[in-house]
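Here are a few friendly notes to read alongside the fold. Please keep the viewer open as you go.

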Amino acid sequence: PNPSILILPGDGIGPEVMAEVRKVIDWYGTKRDLAFDVSEDLVGGAAYDAHGTPLTDETMAKAQEVDAVLLGAVGGPKYDALDFSVKPERGLLRLRKEMDLFANLRPAQCFDALADFSSLKKDVVAGLDIMIVRELTSGIYFGEPRGIIEEGNERVGINTQRYTESEIDRVARSAFELAMRRGKKLCSMEKANVMESGVLWREVVTEVGKDYPEVELSHMYADAGAMQLCRWPKQFDVIVTDNLFGDLLSDAAAMLTGSLGMLPSASLGKPMANGRPKALYEPVHGSAPDIAGQGKANPIACILSFAMALRYSFDNGDEATRLEDAIEKVLADGFRTADLLGEEGVDPISTTQMGDAVIAALDAS
Ligand code: NAI
Ligand code: MG
């Protein structure tokens with residue numbers, strides 16, 4: 001049977017960028033004999049409008065069965081006043097939680113044609129290709145006790161940073177596996193100097209590292225890591241870190257390379273019976289209500305998310321590279337959606353035109 005993909009376009013620009021990914025998926029089916037069983041369903045506000053819930057049980061069950069889920073984006077002003085229990089983002093949170101997606105992969109990759117776009121010097125970012133692995137299901141965002149309590153005559157806000165050995169072990173393994181497929185270099189970031197969870201984190205990552213003798217493992221305090229990321233990011237290959245530090249470091253690393261419209265992500269869980277990890281691929285950006293429905297959205301983040309699916313779910317690094325090279329060529333040829341325009345005098349192209357340009361580059365590959 002063909003590998004299966006569940007597409008959840010979602011809200012706002014989600015369906016617009018996903019339409020371009022569909023073209024790419026169809027191209028692989030017809031031109032490369034790489035066919036997928038694709039089904040499509042609702043998530044977020046779109047699901048709420050149709051079913052009164054941001055994710056139906058049927059869609060959730062389907063997501064558990066397929067080889068990979070591709071998601072556009074959820075949310076929008078229309079849904080801001082809804083009760084928290086049915087808000088669009090709850091659909092996404094339910095997917096992440098029930099699929100137990102504990103490893104969030106955020107690449108920071110700089111396409112040469114966009115190096116001028118970075119806020120850093122061109123030689124600092126040109127050719128940059130690093131990956132941050134953020135633990136996604138534990139740590140301070142989930143730890144108990146939490147809350148705001150009365151103490152004496154004032155209130156206290158409390159969160160708890162908490163990691164079990166097994167939680168650290170599994171995300172570390174994902175990161176080492178990734179490093180094995182990349183540059184065989186892994187840097188683990190925590191604050192073992194001031195946090196107990198950091199001490200345990202460093203210990204467990206070091207222990208897991210013994211199973212990966214080929215990977216060069218280093219440790220860095222997360223604050224120093226933030227400095228190094230801005231100073232000379234090319235010193236890194238794969239970085240693994242906890243939920244909180246990963247949230248900050250991945251957003252910072254993302255901006256080394258420019259527009260939100262360019263950034264893909266993957267969230268991976270345990271291997272399924274067929275050996276493939278549970279996986280959800282999505283662009284980093286949201287539903288962009290300010291440009292939705294105008295054909296202005298950049299589809300590249302979503303297309304690059306599919307490239308990650310080719311690499312990490314379908315074990316097809318060659319075709320993933322083909323797709324990334326096609327995007328590199330399109331950018332080198334000067335095609336720009338509005339979000340990529342810095343210089344004057346260039347006319348932006350539309351979402352569909354960008355998708356068509358990628359297909360043309362694939363045809364020429
Ligand atoms: P956003 O990422 O949707 O937009 C931020 C800015 O970047 C906007 O100016 C937007 O036009 C631009 N932008 C984003 N993606 C783009 C693309 N592909 N091409 C060109 N420009 C792009 O974040 P914002 O405005 O904070 O949130 C809007 C809605 O999206 C909210 O309802 C929020 O809750 C939701 N959201 C959903 C996420 C998800 O589904 N994973 C993630 C972040 C936000
Ligand atoms: Mg964030």
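This is a predicted model: local features need pLDDT of at least 70, side-chain atom pairs count only at pLDDT 80 or more; totals for chains, interfaces and linings use all residues.

1. Residues are numbered from 1 along each chain as its sequence is written, and chains are lettered from A and ligands numbered from 1 in the order in which they are written.

2. Ten strands form an open sheet in the order 2-1-3-12-11-4-5-10-8-9, with mixed pairing. Strand 2 (37–40) and strand 9 (216–221) are at the edges with a single partner strand each, so one side of each has no neighbour in the sheet. Helices (H or I, at least four residues) and strands (E, at least two) are DSSP runs numbered from the N terminus, and strands pair if DSSP finds at least two bridges between them.

3. Strand 4 (residues 103–109) pairs with strand 11 (residues 264–271) in the antiparallel sense over 3 bridges. Leu 105 sits opposite Ala 266 of strand 11.

4. Which strands does helix 9 (residues 243–255) lie across? They are strand 4, strand 5, strand 8 and strand 10, and the helix runs at about 155 degrees to strand 5. Angles run from 0 to 180 degrees between N-to-C directions, with axes fitted to C-alpha atoms, for helices over the stretch in contact.

5. Val 133 has contacts (C-beta atoms, placed from the backbone, within 7 Å) that include Ala 103, Leu 105, Val 171 and Val 240, leaving aside neighbours within four places in sequence.

Methods. Two residues are in contact if their C-beta atoms, placed from the backbone, lie within 7 Å.
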